[in-house]
Amino acid sequence: QELLAAYEKNLGKDHQLTLRCYSNLCENYLKRKQLNSALEMAIQIAQKYELKHGIDNPDTLVAKTRLGKIYLELGKIREARNQFQSVFETRRSILGLHNILTLEALCDMANCNNMLGENNGNIGSLNEVLATCTVLYGEDHEVTQYLKNRVRGDYYINERQLAGQTVYGMD
């Protein structure tokens, strides 16, 4: 925090190095399982990146994804889905539906839809992500295998969260 204060004083709150310091501090909060502090920091980071660089900047999208994952960890599934949906829509418009980063964002969003019981077969279902990837890349392609494991992992995470268990080692 002392380093962050020095960066803010000398470089300003919106300087790239200051923003990276915010991100590092957020990661430290996550490692120490201080989710509320991590959430506050992640909200600030996402807002600062979006204001400074715009919604379609890769750093903004990473910040919004991190924010979504923290919301998910806190059980705030709708808020998480909103972040993931924003990332998905931006990546789809820039990279197209068939890009691995877009598919990862879709998988995050689909995971939330599944947890909310809103998995109605439209875009945003876990199985649809896997089906799209299988058609695009083939059953044995590394991207398909990665997403297949991701879909299986998301189902496992859903079961643990619904049972009230800790996910990712955080409370």
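Buried means under 20% relative accessible area, exposed means over 50%, and partly exposed lies in between. Keep those cut-offs at hand for this tour of a predicted model.

**Stop 1: Glu 27 and Arg 66.** Select Glu 27. At 29% relative accessibility, it counts as partly exposed. Show what else Arg 66 touches. Leaving aside neighbours within four places in sequence, its contacts include Ser 23, Cys 26, Leu 30 and Ile 45.

**Stop 2: Cys 26 and the core.** Move to Cys 26. Beyond residues up to four places away in sequence, Cys 26 touches Ala 38, Met 41, Ala 42, Ile 45, Arg 66 and Ile 70. The largest nonpolar core has 39 residues, and Cys 26 is among those that touch the most other members. In soluble globular proteins, nonpolar side chains tend to be buried together.

**Stop 3: helix H3.** At 1.5 Å a residue, its 19 residues should span 27 Å; the end C-alpha atoms are 26 Å apart, which agrees. Colour its buried residues: Leu 35, Ala 38, Leu 39, Met 41, Ala 42, Ile 45, Ala 46, Lys 48 and Tyr 49. H2 and H4 are among the elements that cover them. Just after H3, look at Gly 54, with a positive phi of about 95°.

Stop 4: How many salt bridges does a search of the whole structure find? There are 4. Select Lys 48 and Asp 14, whose closest N and O atoms are 3.8 Å apart. Lys 48 lies in H3 and Asp 14 in the loop between H1 (2-11) and H2, so the pair ties together parts 34 residues apart in sequence. Lys 48 is buried at 17%, while Asp 14 is partly exposed at 42%.

Next, select Lys 64 and Glu 50, which form a salt bridge at 3.7 Å, N to O. This pair links H4 with H3, 14 residues apart. Lys 64 is buried at 9%; Glu 50 is partly exposed at 35%.

**Stop 5: the surface.** Finish with Ile 94, Leu 95 and Leu 101. They form a nonpolar surface patch with about 250 Å² of accessible area together. Ile 94 lies in H5 (residues 77-95) and is partly exposed at 47%.

Notes: Residues are numbered from 1 along each chain as its sequence is written. This is a predicted model: local features need pLDDT of at least 70, side-chain atom pairs count only at pLDDT 80 or more; totals for chains, interfaces and linings use all residues. Side-chain values use heavy atoms; hydrogens and water are left out. Patches are made of residues with over 30% relative accessible area and no salt bridge: like charges are joined within 9 Å, nonpolar side chains (Val, Leu, Ile, Met, Phe, Trp, Tyr) within 5 Å. Accessible areas come from the Shrake-Rupley method with a 1.4 Å probe; for residues, only the protein chains shown count as cover. A salt bridge is a side-chain nitrogen of Lys or Arg within 4 Å of a carboxyl oxygen of Asp or Glu. Helices (H or I, at least four residues) and strands (E, at least two) are DSSP runs, numbered from the N terminus. Buried means under 20% relative accessible area, exposed over 50%, partly exposed in between (1.4 Å probe, protein chains only). Contact means heavy atoms within 4.5 Å. A nonpolar core is a set of buried Ala, Val, Leu, Ile, Met, Phe, Trp, Tyr and Cys residues joined through side-chain atoms within 4.5 Å. The expected span of a helix is 1.5 Å times one less than its number of residues.
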